[in-house]
Amino acid sequence: MYDVREWRHVFKLDPNKSISDEHLERICESGTDAIIVGGTDGVTLENVLDLMARVRRYTVPCVLEISSIETITPGFDLYFIPTVLNSSNPKWITGLHQQAIKEYGEIMNWDEFSFLGYCILNKDCKAAQLTEANTDLSKEDVAAYAMMAERMFHLPVFYLEYSGTYGEKDVVKEVKNALENTLLFYGGGISNREQASEMAALADVVVVGNSLYENIEEALQTVKAVKGK
Ligand SMILES: CC(C)=CCC/C(C)=C/CC/C(C)=C/CC/C(C)=C/CC/C(C)=C/CC/C(C)=C/CC/C(C)=C/COP(=O)(O)OP(=O)(O)O
Ligand SMILES: O=P(O)(O)OC[C@@H](O)CO
Ligand SMILES: [Mg+2]
């Protein structure tokens, strides 16, 4: 299933973390809608290729979330390009993108790329630190970013990123109300079925990452909680 609009649950695997073949098989066969390969630090072409080849043994769609130009490789079903809307450094909003498109725009198959408007709200996570995100935001501030994503930039996805910590329901609700067509991805701190159900009731897609490396049994339960399988 390559239509993001039909997704409800995805797992995010970090190329910089190790996962056993047994766990990877259970993740890929879990019924999740897709596997996103992505991370902020320690992502190399080598560990991306390794993870891609291992996920490729299964039929689940496999998406590369691009965090650096050096780690882009053919072979994924889809490529996500993040732009961090609440970054205080333009490099992470349009800077790197403009440079990449200047160099590769003519040869890009645009159908393979989808664009994610991030708003990062956990000030301590690596992505917030790297991108110098302004995380001191009210729910109205965040909803305004969501509206900008949809109405100004026509982004297909708004990604509410709490990476490593469980987010605030009020913020997710406010953001969902601000969006009409743009999909809302929620990611951060989902480690059990209750949290997965709670966020899936508010967002279009929930992303589960770290808990795969911390408690695989509980992490796998999040698929059932969201998709009822
Ligand atoms: C298919 C093919 C071969 C095509 C070639 C053409 C080509 C090269 C096209 C390039 C197109 C393009 C526009 C690329 C963009 C380049 C780029 C570098 C953009 C910047 C992306 C960005 C804003 C990154 C910032 C960090 C970020 C938002 C990362 C997302 C992942 C994330 C938040 C992971 C969370 O996990 P992590 O932080 O690792 O958490 P842990 O603490 O648990 O590890
Ligand atoms: O790792 P966790 O906290 O589950 O967050 C998932 C994802 O949003 C990270 O980009
Ligand atoms: Mg990481």
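Trainee: Which element gives the most to the shell around ligand 1?

Mentor: This is a predicted model: local features need pLDDT of at least 70, side-chain atom pairs need pLDDT 80 or more, and totals for chains, interfaces and linings use all residues. Residues are numbered from 1 along each chain, chains are lettered from A and ligands numbered from 1 in written order, and side-chain values use heavy atoms, leaving out hydrogens and water. Helices (H or I, at least four residues) and strands (E, at least two) are DSSP runs numbered from the N terminus. The element that gives the most, with five residues, is H3.

Trainee: How far is a polar side-chain atom of Asn 210 from an oxygen atom of ligand 1?

Mentor: Asn 210 is among the residues that come nearest to ligand 1. Lys 126 places a polar side-chain atom 3.0 Å from a ligand oxygen. For Asn 210, the distance is 2.9 Å.

Trainee: What percentage of the accessible area of ligand 1 does the protein cover?

Mentor: Accessible area comes from the Shrake-Rupley method with a 1.4 Å probe. On its own, ligand 1 has 1,100 Å². The protein covers 92%.

Trainee: Which strands give two or more residues to the shell around ligand 1?

Mentor: Helices H3 (95-104) and H4 (126-131) are on that list. The strands on it are E4 (78-84) and E5 (113-120).

Trainee: Is Ile 69 buried or partly exposed?

Mentor: Ile 69 sits in the loop between strand E3 (62-65) and E4. Buried means under 20% relative accessible area, exposed over 50%, and partly exposed in between (1.4 Å probe, protein chains only). Because its relative accessibility is 38%, Ile 69 counts as partly exposed.

Methods:
A residue is near a molecule or strand if one of its heavy atoms lies within 4 Å of it. A polar contact is a pair of N or O atoms within 3.5 Å; within protein, one must be able to donate a hydrogen and the other to accept it, and residues adjacent in sequence count only if both atoms are side-chain atoms.
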